[in-house]
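Please look over the sequence and the three-dimensional structure below before reading on. The paragraphs after it are meant to be read alongside the coordinates.

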Amino acid sequence: MSDAPVQPNLLADPESTPRRSPPATVVIFGASGDLTARKILPALAALAERQSLDPGTRLVGVARTEWDDDKFRSVAAEAASASGPSWERISGGARYVTGDYGDAGTFSRLTAVLEELEAAAGGPRNRLYYLATIPEMFSVVAAGLGAQGLAKPAGRDAFTRLVVEKPFGRDLASATALDESLHTHFDERQIFRIDHYMGKETVQNVLALRFANSIFEPVWNRQYVDHVQITVAESLGVEHRGGFYETAGALRDIVQNHVLQVLALTLMEPPVSVDGEAIRDEKVKALRALVIPAPHAVASEVVRAQYEAGWIAGNQVPGYREEEGVAADSETETFVAMRLAVDNWRWAGVPIFVRTGKRLPSRFTEVALQFHRAPHLPFQGSQARELGPNALVLRIQPDDGITLLFGAKVPGGAFHVRTVSMDFSYGAAFLEETPDAYERLLLDALMGDPTLFIRTDEVDQAWRVVAPVQAAFQDGAVPLARYAAGTWGPPESDRLLGATGRRWGVG
Ligand code: BG6
């Protein structure tokens, strides 16, 4: 299937290639929903005000909710935190199609609107469809577009692309089925699967740190690294998404996607180039090297837990089972910790510990590499009492930056060494504004750069890694532990590392 030329990619020089989207119609399915109002419209508005969207960009919303053009226009205008003339022009001309996704009439009405807008604008009939509906509707919408002839590019020089939100399936079988139904109508090159973690500047900086410097890569392996830790901690609970979360749980919601994506960037080999396929080839190879836990081993390698009522930042918060939309006897996990192993030359024997949870004491995401201790310390016992191992911590959010932990002499007559930290902070080093992950990803999709999107084989491999864990959860082979909101998870999580002589938090 033809597609318009792909634009310069991830590391293209912004001086020589200012990033501005080609003119296109952005069609949002699920236009009356929460994701559209919270993320997609604000990101489009910010791009428009930054002159990153072509002024000829057109906006169409599709949803079952009975709104009209005016209502959608006002929602689009209000969603923008950066409203100005550029966004006013785009949102003011927005159109809205009410309809059921299973009804062919919806797609014929959409066709009429697209043709009208494109005829008025002239130029290439580029289309970007954004699936922001509930996941059950992804294949229904794709089929509706396909049946109406809307999945094919609408001209020789035009593109038609499909942006798909997570979750990509509930397990390997449903992800494969979803892909098959998308591929019935769309070519893989047209499909842009979003994992918003890949749009975060600091996640991309894992690539810069590793491959733009000569001093880190030589120690980035089993000879120097004792173990790796990845933490995605949230202090929020499930908010108003209890109903959805009941069907997801932390393993599907965070581990299968965000954690494994960050892990793939941490473990991968240097790509041969920065083009989208080269980076994704290496990520998928890294995911393939993860040892898929044997079913009988899951219970000793994985901890699952659910939060009970507790205190966060001085506020009393309810337990998960008391949240709106959550069953009073729910067995859904809100916390997962697991130990992974990697079967390749670089990482053999290096344990990888990952954890994620809701209602933890604070919100932070980080990747930490703890290095082996020095082979011999020429100091006397007490002189090195306060010396921990070296560690490199990539702080992804919220206080984004990098910390290196190393030993230094404590000033004074005696000779004592203590661990100190050397900190790099994004905020202090750069004046440039950090774009929201959705801005970055929407612009990439409009420009045809797939580098930061998830390829079908990555999705597939990520599900393979979590499949035995899912099965063990379903069979009740991993008991559901409890933790009070405002704590770092259950004691079992500490024991997972403690059993190997390690602890969460490096240094
Ligand atoms: C989403 C999950 O993908 O990521 C949410 O569905 C979670 O449950 C969110 O809260 C976390 O994203 P961020 O960018 O706040 O770390």
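The structure is a predicted model, in which local features need pLDDT of at least 70 and side-chain atom pairs count only at pLDDT 80 or more, whereas totals for chains, interfaces and linings use all residues. Residues are numbered from 1 along each chain as its sequence is written, and side-chain values use heavy atoms, with hydrogens and water left out.

Helices and strands are taken here as DSSP runs numbered from the N terminus, a helix being H or I over at least four residues and a strand being E over at least two. The axes of helix α8 (residues 242-267) and helix α9 (residues 276-289) come within 8 Å and cross at roughly 100°; such axes are lines fitted to C-alpha atoms, for helices over the stretch in contact, with angles from 0 to 180 degrees between N-to-C directions. Angles under 35 degrees count as roughly parallel, over 145 as roughly antiparallel, 65 to 115 as roughly perpendicular and the rest as oblique, and α8 and α9 are therefore roughly perpendicular to each other. On the α8 side the contact (heavy atoms within 4.5 Å) is made by Leu260, Gln261, Ala264, Leu265 and Leu267, and on the α9 side by Lys283, Ala286 and Leu287. Sorted by class, this contact of α8 with α9 has 6 nonpolar, 1 polar and 1 charged residues, where Ala, Val, Leu, Ile, Met, Phe, Trp, Tyr, Cys and Pro count as nonpolar, Asp, Glu, Lys and Arg as charged, and the others, Gly among them, as polar.

The charged side chains come next. If a salt bridge is a side-chain nitrogen of Lys or Arg within 4 Å of a carboxyl oxygen of Asp or Glu, the count comes to 31 salt bridges. Is the pair Arg127 and Glu118 made of buried or exposed residues? With buried meaning under 20% relative accessible area, exposed over 50% and partly exposed in between (1.4 Å probe, protein chains only), Arg127 counts as buried at 3% and Glu118 counts as buried at 5%. The closest N and O atoms of the salt bridge between Arg127 and Glu118 are 2.8 Å apart. In the salt bridge of Glu331 with Arg321, the closest N and O atoms are 3.3 Å apart; Glu331 is partly exposed at 47%, and Arg321 is partly exposed at 25%. Arg395 and Asp399 form a salt bridge whose closest N and O atoms are 3.5 Å apart, with Arg395 buried at 13% and Asp399 partly exposed at 46%. Elsewhere, salt bridges that share partners join Glu277, Arg280, Asp281, Arg455 and Asp457 into one network.

Two residues illustrate polar contacts, defined as pairs of N or O atoms within 3.5 Å, where within protein one must be able to donate a hydrogen and the other to accept it, and residues adjacent in sequence count only if both atoms are side-chain atoms. Thr334 is found in the loop between β10 and β11 and is buried, with a relative accessibility of 0%. Its side chain makes a polar contact of 2.8 Å with the side chain of Tyr483, and, leaving aside neighbours within four places in sequence, the residues in contact with Thr334 include Tyr245, Ala305, Tyr320, Thr356 and Lys358. Asp226, in strand β7 (residues 225-233), is buried at 16%, and its side chain is joined to that of His227 by a polar contact of 2.7 Å. Beyond four places in sequence, the contacts of Asp226 include Val350, Phe371, His372 and Arg502.

Most residues other than glycine have a negative phi, and most peptide bonds are trans. The peptide bond from Lys166 to Pro167 is cis, with omega near 0°, and Pro167 is found in the loop between β5 (160-164) and α6 (172-185). A cis peptide bond also joins Gln397 and Pro398, with omega about -5°, and Pro398 lies in the loop between β14 (391-397) and β15 (401-409). Ala313, with a positive phi near 50°, is exposed at 76%, whereas Arg359, with a positive phi near 60°, is buried at 11%.
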